[in-house]
Amino acid sequence: MAGVPFYPIYDPITIKKSGNGYRAIHGVRNVSRSASIQYDYLLTTGAKDSGSARYLISPKYEEKIINSLLKSAEKRNVDALGFASLANHIYSDFRRESISANETGAYWEEALKIAADSLDKLLLEGAYAYAFPYADGITDVPVFSSQYDIEDETVPFYQMVMGGTAALYSEPLNESGNIREMFLHCVEYGVSPSFLLMAAAPDTLQETDYQKFYSIAWSDWKEEIEEMLGELSTLDNVCGQALVQHRKVSDGVYESTYQDGTVIYVNYQKESIRIGDTLVPAMGFMREGEVK
């Protein structure tokens, strides 16, 4: 497909309905040992969305599920997969032979090892540290801190640990309240921006289980995405490199240094700023030594 990687995405820890030999009885139990049912909640009212009921699989079944999935992928000549939830959900199972959250992590890690050994590429969603050794790519990488008032600065620790080791992708920019700021954070932290898109008309998802997805029509975003990709083309040689140093230059201005020595300045201020010989535009970025 024109050299573009393709990752079928699968959630191996969620049961939405019976099938493939798994039913609600295979889900985790809460402290009263009744089935632990998971729900989404409506943003408009805060009410429980009964149509979203689902169960989280007990960790003891995960290895069997992964092996079955890998056999199916092999039959179809699929050598790359993406896992939702497995790399960023930890929970306990309060059955008679209970499984603690720490033990769950061990089950997940074993499942990820089996998958990584079998596949050429593995894409993981918002991976926790236990999943790092098995990820070729990670989506939903944070580019904002919790932004609590007690915190003075945001430190890109996650990106400095994983940059250059796995391809890093942000949460979808087109679901952000401030797309430009999120785009600049991606540049600052060495994270590739991502978008959630569909080719169909914008009203296609109305009255469906997917109407929670908004503003995702490609026709609405085509020009803006092309403009952002044009800006990023100046950083092609930086993509995939490790972020080795990050510092605050002044209020709203940050410096990121990559493993080949490339320095990028990002300016969140409403006015341009000069740093040495480099003029960094307002709400923009620039390589060290370049002038726009």
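A search of the whole structure, which is a predicted model, finds 8 salt bridges. One of them joins the side chains of Asp 40 and Arg 54, with 3.3 Å from N to O. Asp 40 belongs to strand β3 (residues 37–41) and Arg 54 to strand β4 (residues 48–56), so this contact ties together parts that are 14 residues apart in sequence. Asp 40 has a relative accessible area of 30% and is therefore partly exposed.

A second salt bridge connects two helices. The side chains of Arg 180 and Glu 231 meet at 2.8 Å, N to O. Arg 180 sits in helix α4 (residues 179–189), and Glu 231 sits in helix α5 (residues 218–232), so the pair ties together parts that are 51 residues apart in sequence. Arg 180 is partly exposed, at a relative accessible area of 28%. Glu 231 is partly exposed too, at 23%.

Lys 248 has 35% relative accessibility and counts as partly exposed. Asp 251 has a relative accessible area of 56%; the cut-off for exposed is over 50%, so Asp 251 is exposed.

The overall picture is as follows. The protein has 292 residues, and 40% of them count as buried. It contains 5 helices and 15 strands. Its C-alpha atoms fill a box of roughly 65 × 45 × 40 Å along the principal axes.

Four of the strands build an open sheet. Their order is β10-β11-β12-β15, and the pairing is antiparallel. Strands β10 (243–250) and β15 (284–287) stand at the edges with a single partner strand each, so one side of each has no neighbour in the sheet. On average, neighbouring strands of this sheet are turned by 20° against each other, direction ignored.

Strand β12 (residues 263–267) pairs with β15 in the antiparallel sense, over 4 bridges. Within this pairing, Ile 264 stands opposite Arg 287 of β15. Tyr 265 has Met 286 of β15 as its bridge partner. Strand β12 also pairs with β11 (residues 253–258), again antiparallel, over 5 bridges. Here Val 253 has Asn 267 of β12 as its bridge partner. The hairpin of β11 and β12 has 4 residues between the strands, and Gly 261 in this hairpin takes a positive phi near 95°.

Strand β12 is mostly covered, with 5 of its 5 residues buried. In a regular strand, side chains alternate between the two faces of the sheet. In β12, both faces are covered. Val 263, Tyr 265 and Asn 267 are buried on one side, while Ile 264 and Val 266 are buried on the other.

Aromatic contacts were also examined. A pair of aromatic rings is described by the distance of the centres and the angle of the planes. The count comes to 5 aromatic pairs. In one of them, the ring centres of Tyr 91 and Trp 108 lie 5.8 Å apart and the planes stand at 75°, so the pair is edge-to-face; planes over 60 degrees apart fall in this class. The pair links distant parts of the chain, 17 residues apart. Tyr 91 lies in the loop between β5 (80–83) and α2 (101–118), and Trp 108 lies in helix α2. Tyr 91 is buried, with a relative accessible area of 10%. Trp 108 is at 0% relative accessibility, so it counts as buried as well.

Tyr 128 and Tyr 130 form another edge-to-face pair, with 6.2 Å from centre to centre and 80° between the planes. The two residues fall in separate accessibility classes. Tyr 128 has a relative accessible area of 40% and is partly exposed. Tyr 130 is at 16% relative accessibility; buried means under 20%, so Tyr 130 counts as buried.

One further feature is found at the surface. Val 155, Phe 157 and Val 161 make a nonpolar surface patch of about 320 Å². Phe 157 lies in helix α3 (residues 157–162). Its relative accessible area is 61%, so Phe 157 is exposed.

Notes
Residues numbered from 1 in each chain as written. Predicted model: local features only at pLDDT ≥ 70, side-chain atom pairs only at ≥ 80, totals over all residues. Heavy atoms only, no water. Patch = residues over 30% accessible without salt bridge, like charges linked within 9 Å, V, L, I, M, F, W, Y side chains within 5 Å. Areas by Shrake-Rupley, 256 points an atom, 1.4 Å probe, with all protein chains shown as cover. Salt bridge = Lys/Arg side-chain N within 4 Å of Asp/Glu carboxyl O. Buried < 20%, exposed > 50% of the residue type's maximum accessible area, 1.4 Å probe, protein only. Pairing = 2+ DSSP bridges. Axes fitted to C-alpha atoms, helices over the stretch in contact; angles between N-to-C directions. Phe/Tyr/Trp six-rings, centres within 6.5 Å; stacked < 30°, edge-to-face > 60°.
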